[in-house]
Amino acid sequence: MFFRNNRNDTAWTWMKKIYGQRELQHVNSSQGPNGDYPGVSFSLVSQTVEGLMGIRPDAANHKVTTQSRLPSGMKWLRTADVPIGTSTITVRHDGATKSTLTNNARSGAYQWEARFRGVHKKITVNGVPQRVRTKTVDGVTYTYATPTVRAGATAAVRVTD
């Protein structure tokens with residue numbers, strides 16, 4: 001919930017706390033350490049992919065949305081081979097102003113909505129200036145671009161003020 005409400009630093013604090021307690025004995029001492037419970041690892045993976053990386057797939061419509069939710073002090077993060085339908089994508093966020101998506105499929109394309117929180121004056125796709133578009137989602141305004149990323153290709157979207 002913290003990531004979904006753009007409270008990235010709070011979410012990151014809780015992720016580190018959960019990870020830090022993985023070796024501690026679970027409440028019922030006969031059941032082993034916290035890290036043995038699949039819910040712990042599933043939660044951390046989910047919070048990385050959906051939370052930090054803001055990846056929202058729509059495999060049926062060949063679309064994917066991303067939004068960097070990196071906390072203060074985290075300069076970049078990359079997730080590789082994230083499954084969407086029958087293929088995978090790799091996403092990298094450099095801070096809150098640049099995102100890169102690679103379509104690892106052998107065929108087909110994805111329409112990628114690269115979102116950036118706030119209203120920015122400029123946006124580029126692969127270095128080419130685009131018309132600045134904004135939208136409001138759940139009360140938050142985003143600047144975004146929607147490049148098509150073909151199989152085997154990589155696209156980079158950057159915003160500047």
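Mentor: A salt bridge is a side-chain nitrogen of Lys or Arg within 4 Å of a carboxyl oxygen of Asp or Glu. Across the whole of this structure, a search finds 3 salt bridges. The model is predicted, so local features need pLDDT of at least 70 and side-chain atom pairs count only at pLDDT 80 or more, while totals for chains, interfaces and linings use all residues. Residues are numbered from 1 along each chain as its sequence is written, and side-chain values use heavy atoms, with hydrogens and water left out.

Trainee: Which residue forms a salt bridge with D94?

Mentor: The partner of D94 is R92, and the closest N and O atoms of this salt bridge are 2.8 Å apart.

Trainee: Are D94 and R92 buried, partly exposed or exposed?

Mentor: Buried means under 20% relative accessible area, exposed means over 50%, and partly exposed lies in between (1.4 Å probe, protein chains only). D94 is partly exposed because its relative accessibility is 22%. R92 is likewise partly exposed, at 28% relative accessibility.

Trainee: Which salt bridges involve E113?

Mentor: The side chain of E113 meets that of R115 in a salt bridge of 2.6 Å, N to O. The side chain of K135 also forms a salt bridge with E113, here at 3.1 Å from N to O. K135 belongs to strand β9 (residues 133-137) and E113 to strand β6 (residues 109-117), so this pair ties together parts that are 22 residues apart in sequence. Helices (H or I, at least four residues) and strands (E, at least two) are DSSP runs, numbered from the N terminus. Taken as a group, E113, R115 and K135 are linked in a network of salt bridges.

Trainee: Let us turn to polar contacts. What does the side chain of N6 make a polar contact with?

Mentor: A polar contact is a pair of N or O atoms within 3.5 Å; within protein, one must be able to donate a hydrogen and the other to accept it, and residues adjacent in sequence count only if both atoms are side-chain atoms. In this model, the side chain of N6 makes such a contact with the side chain of Q67, at 3.0 Å. N6 sits in the segment before α1 (8-20), and it is classed as buried because its relative accessible area is 14%.

Trainee: Which residues does N6 touch, apart from those up to four places away in sequence?

Mentor: Contact means heavy atoms within 4.5 Å. With those sequence neighbours excluded, N6 touches Q67, R69, R117, V140 and Y142.

Trainee: Where is H120, and is it buried or exposed?

Mentor: H120 is placed in the loop between β6 and β7 (122-125). With a relative accessible area of 11%, H120 is buried.

Trainee: What does the side chain of H120 reach?

Mentor: The side chain of H120 reaches the backbone oxygen of R117 at 2.9 Å. A polar contact of 2.9 Å also joins the side chains of H120 and D161. Leaving aside neighbours within four places in sequence, H120 is in contact with V132, T143, V159, T160 and D161.

Trainee: Where is N126, and what is its phi?

Mentor: N126 lies in the loop between β7 and β8 (128-130). Its phi is positive, about 50 degrees, although N126 is not a glycine. N126 is partly exposed because its relative accessibility is 48%.
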